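Subject: Structure handover

Hello,

I am passing on the structure we talked about. Please open it beside this email and follow along; my notes are below.

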Amino acid sequence: MQEDFHYYATYCAALLAGYKHDEAMQLCYSAQLVDCCTQTMLARTGGPKAAATTQLQLELADASTDPISLQEMTRIWASFHFLPKDLYAKKKRCSLRYLNKYRLICDVNSDLLVDTVELARGESLQAAGIAMHVLADTWAHRYFAGTPSFVINNASFFHDLESGERIKFSHNPRSGDDTEKGLFTNSVYQTSENSIMNLGHGRAGHLPDYSYIRYSFMPAWGDFEVIEKDNPAEYYNAFAQMVYAMKYIRGEVETFEKEVYDTDSVEKYKELIMEILKSSPDKTADYWKRFGEKLSGREVEDFEGRKYEEEYMAADEEGKSETYLGRFFLAAMRQKSMVTSRIFGSGNILAGVSIDYDIKGFKGIRDYRHMVNEQLKKIEEAGNGIN
Amino acid sequence: MGLTKRVLNVIASLIILALGVLMLLDPKNSYKLVVLLLMITLIVKGLRLLVYYFKMARHTVGGIVFLYQGVLLLDAGIFALSLDNVPVVYTMLYLIVCMLVAGGIDVMRSNQARIMETGKWKLQMVYGAGNIILSILGIIFLFSGTWVAIIYAVSLLHSGVCRMITAFRKTAVVYIGG
């Protein structure tokens, strides 16, 4: 998914979930920021490196494929863009190495999605925004894993379900996609298991990110079965699920359950939403924006990647946590920490090692100490409140 | 590039440099060592592909290709190793063609990096162009015995030096404005 959905559609969903304009703006900004918070951005602002939620192409190109770098990559991509469906999935006669990668395949309505949404409840708007990004991406990026793997992420036989024609790919990122002519770019075919070319949906190019397209393909892991992907229908589900999830985060709904979509709130806009989703990729952002402005009666400003950077950089060490970016970094580290812990808990070390603070105290990546301290402070405050 | 990869690159470049010097000093005899290494490389690569197939790729669409590749390479390695005397011309031709292809790929990659303005293309261009020039010279002097061995030795030294430079290059994340 891209800015059209993560920013503008999330804004619309937030309004339908009951957030006010200003809150919805802050929330959708965070949802989009997940695609911008790179090591480069963190180096520029002085933010904690562990808060990275994505990687630039150049950062990936520079990354090695040694186990530590692969774990770093997996932590980022599995936590924010390819949330695993089933960490205990079984497949007959497989080696553990294969199974560990197979278990990281992203899909919708997972236990980890419930954990993600629950983690954001009662927390900052930034945490809610991050959760919405993760939720939306489970629909777009399903069937791919957030770790480099040829045996999982390679894909072939792409066909447009509308025209029935084979989808052609080129590998030059400069040429871009020509959706009118059905020409797309994807990553290069690389048989090296851990090549970054085999990370996520690189082999499918941007097809999963376009809301209008309906296509079929054969994933490497799928035992020769063809998968049909109806993006307009799936993006609609994503939208309705976001509304439901945000109602839960706001406290309007008591529990967050899998496979529940707030179709009641969305139904009356269904026709319009489907029209937006099926429109050409260069127009969807504008259409979502107009829909949002119609819903709130307010102007929706465009996403500006550096909007909050100065505030963060100008704040002193104590005050950084109270800035917009400070809260975003904290929420990002909590999400990453939660997902890593679940993956490690399933006996899979592809995302690295997780240490239980209650048992062993603080160990590991230093950046997380700030997150732990904030959590302890919160627990203490809650305790004082009870007393 | 991580530390492990740097160390492995340094070790590999030292081995390549040593082989290059050996071939320059004694082209006729050290050639046998190069051939032996080539055979062992084929066998190891074949075995690695077979292990990869049975552990990972057999569950994958199109994964059978790793089984074929593994069997072919292993077979070629074992077959070549079992021969008492492999004709020098064939072995050198194989090595030179490999070098030519690798050089071509490097030139194309560096050209792509140059177009994309990633700023890291010059060394790869030198490496690729060097390999192409040396392999063309190798083909010209293929039947000259000692000369072809010397050319190959120079290409090994060239490859070793480039790999060493790569291992010590700064690869920190660059700042991208805008």
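Tyr269(A) is partly exposed, because 17 other C-beta atoms lie within 10 Å of its own, while a residue needs 20 or more to be buried and 12 or fewer to be exposed. Keep in mind that this is a predicted model. Tyr269(A) sits in the loop between α11 (263-267) and α12 (270-278) of chain A. Its C-alpha is 9.6 Å from that of Phe291(A), and the two residues are 22 apart in sequence.

How do α1(A) and α2(A) run relative to each other? The axes of helix α1 (residues 3-17) and helix α2 (residues 21-33) of chain A cross at roughly 150° and come within 8 Å. Angles over 145 degrees count as roughly antiparallel, and α1(A) and α2(A) are therefore roughly antiparallel to each other. The crossing of α1(A) past α2(A) is right-handed. On the α1(A) side, the contact is made by Glu3(A), His6(A), Tyr7(A), Thr10(A), Tyr11(A), Ala14(A) and Leu15(A). On the α2(A) side, the residues include Ala24(A), Leu27(A), Cys28(A) and Ala31(A). The residues of this contact are nine nonpolar, three polar and one charged. As a reminder about spacing, an α-helix has 3.6 residues a turn, so residues three or four places apart point the same way.

As for α2(A) itself, its 13 residues reach 18 Å from the first C-alpha to the last, close to the expected 18 Å. Among its buried residues are Ala24(A), Leu27(A), Cys28(A) and Ala31(A), and what covers the buried residues of α2(A) includes α1, α8 (125-140) and α15 (324-345) of chain A.

Helix α5 (residues 67-80) of chain A has 14 residues and reaches 20 Å from its first C-alpha to its last, close to the 20 Å expected. Why is α5(A) largely enclosed by the rest of the structure? Eleven of its 14 residues are buried, so the rest of the structure largely encloses α5(A). The buried residues include Trp77(A), Phe80(A), Glu72(A) and Arg75(A). Both α8 and α15 of chain A are among the elements that cover the buried residues of α5(A).

Last, chain B. Chain B has six helices and zero strands. Of its 178 residues, 26% count as buried. Among the contacts in chain B with a separation of 6 or more, 67% are between residues 24 or more positions apart.

Regards

Conventions
Residues numbered from 1 in each chain as written. Chains lettered and ligands numbered in written order. Predicted model: local features only at pLDDT ≥ 70, side-chain atom pairs only at ≥ 80, totals over all residues. Axes fitted to C-alpha atoms, helices over the stretch in contact; angles between N-to-C directions. Helix = DSSP H or I, 4+ residues; strand = E, 2+ residues; numbered from the N terminus. Parallel < 35°, antiparallel > 145°, perpendicular 65-115°, else oblique. Left-handed = near helix turned anticlockwise from the far one by under 90°. Contact = placed C-beta atoms within 7 Å. Nonpolar A, V, L, I, M, F, W, Y, C, P; charged D, E, K, R; others polar. Expected span 1.5 Å × (residues − 1).
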